[in-house]
Amino acid sequence: MATTTQQQFDMKALRSLLREVLSLPSGAVRPSYQAGPTGAEPCVIVSVLTSVEIGTTRQEFDGAREIERLSTARLTIVSVEAFGNNAYALMQTLMTLLQASSTQAMMRNRLNAGLVTLSPLRDLTTIVGAGTEERAQFDATFSHSDCVEIDLNRIEHARFTTHTETHEIASAPLA
């Protein structure tokens with residue numbers, strides 16, 4: 001059975017959008033599995049925390065294309081964490097910019113997603129070695145749809161057998 005993902009929440013596109021909104025250099029917004037830069041330059045780490053289905057999956061069948069399309073509405077919570085100088089101020093700015101109409105339009109057009117809620121901003125500054133490391137973090141909840149298409153080839157031939165009350169067996173091909 002062949003499947004094709006038609007639409008999915010795109011974390012790479014979200015990181016790119018956040019980098020653009022914050023006017024940060026390339027590589028400054030990265031996934032959680034990549035090591036951040038060392039030094040005072042700000043670094044933003046973006047990772048999915050949870051994703052939950054809203055309601056039930058909608059199923060549609062397209063007989064002409066012989067596919068089944070499954071669409072699932074989801075709420076995905078993403079953690080956004082900044083490291084480096086002025087991390088808290090950077091995250092405050094980002095939280096405000098995420099609510100701008102231009103940013104909302106970019107999310108709709110590029111991510112097919114909408115911002116639902118923002119958590120309170122948390123100051124996670126800590127002592128590292130002989131100094132401090134500035135950190136700040138918040139969670140953003142996005143609504144979006146995931147769509148998958150599955151090939152459903154038509155049944156061209158089938159054999160069926162019927163049993164009568166007289167215990168006779170009849171069999172014929174279905175064409």
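Residues are called buried when their relative accessible area is under 20%, exposed when it is over 50%, and partly exposed in between, using a 1.4 Å probe and protein chains only. The model examined here is predicted, with local features needing a pLDDT of at least 70 and side-chain atom pairs counting only at pLDDT 80 or more, while totals for chains, interfaces and linings use all residues. Numbering runs from 1 along each chain as its sequence is written, and side-chain values rest on heavy atoms, with hydrogens and water left out.

Helices (H or I, at least four residues) and strands (E, at least two) are DSSP runs, numbered from the N terminus. Helix α1 has twelve residues and spans 16 Å from its first C-alpha to its last, close to the expected 16 Å at 1.5 Å a residue; the expected span is 1.5 Å times one less than the number of residues. At the start of α1, a side-chain oxygen of Asp 10 comes to within 3.1 Å of the backbone nitrogen of Lys 12. Ser 23, which follows α1, has a positive phi, near 55°.

The buried residues of α1 are Met 11, Ala 13, Leu 14, Arg 15, Leu 17, Leu 18, Val 21 and Leu 22. An α-helix has 3.6 residues a turn, so residues three or four places apart point the same way. The buried residues of α1 pack (contact meaning heavy atoms within 4.5 Å) against β2 (29-31), β3 (43-53), β5, α2 (87-97), α3 and β10.

Next come the aromatic rings. Rings of Phe, Tyr and Trp (its six-membered ring) pair if their centres lie within 6.5 Å, with planes under 30 degrees apart counted as stacked, over 60 as edge-to-face and the rest as tilted. Searching the whole structure gives one aromatic pair. Its members are Phe 9 and Phe 142, whose ring centres are 5.4 Å apart and whose planes stand at 40°, so the pair is tilted. This pair links distant parts of the chain: Phe 9 belongs to the loop between β1 (3-7) and α1 (11-22), and Phe 142 to strand β10 (residues 135-151), 133 residues apart. Phe 9 is buried at 11% relative accessible area, and Phe 142 is buried too, at 2%.

Charged side chains complete the picture. A salt bridge is a side-chain nitrogen of Lys or Arg within 4 Å of a carboxyl oxygen of Asp or Glu, and the count comes to eight. One of them joins Arg 110 to Glu 20, with N and O 2.7 Å apart. Because Arg 110 sits in helix α3 (residues 101-111) and Glu 20 in helix α1, this bridge ties together parts 90 residues apart in sequence. Both partners are partly exposed, Arg 110 at 39% and Glu 20 at 38%.

Strand β10 also takes part. Glu 149 forms a salt bridge with Arg 69 at 3.1 Å between the closest N and O atoms; Glu 149 lies in β10 and Arg 69 in strand β5 (residues 67-83), 80 residues apart. Here Glu 149 is buried, at 9%, whereas Arg 69 is partly exposed, at 26%. Asp 62, Arg 65, Arg 69 and Glu 149 are linked in a network of salt bridges. In another bridge, Asp 139 meets Arg 122 at 3.1 Å, N to O. Asp 139 is in β10 and Arg 122 in strand β7 (residues 122-123), so parts 17 residues apart in sequence are tied together. Asp 139 is buried at 17%, and Arg 122 is partly exposed at 29%.

Conventions
Polar contact = N/O pair within 3.5 Å; in protein donor to acceptor, adjacent residues only side chain to side chain.
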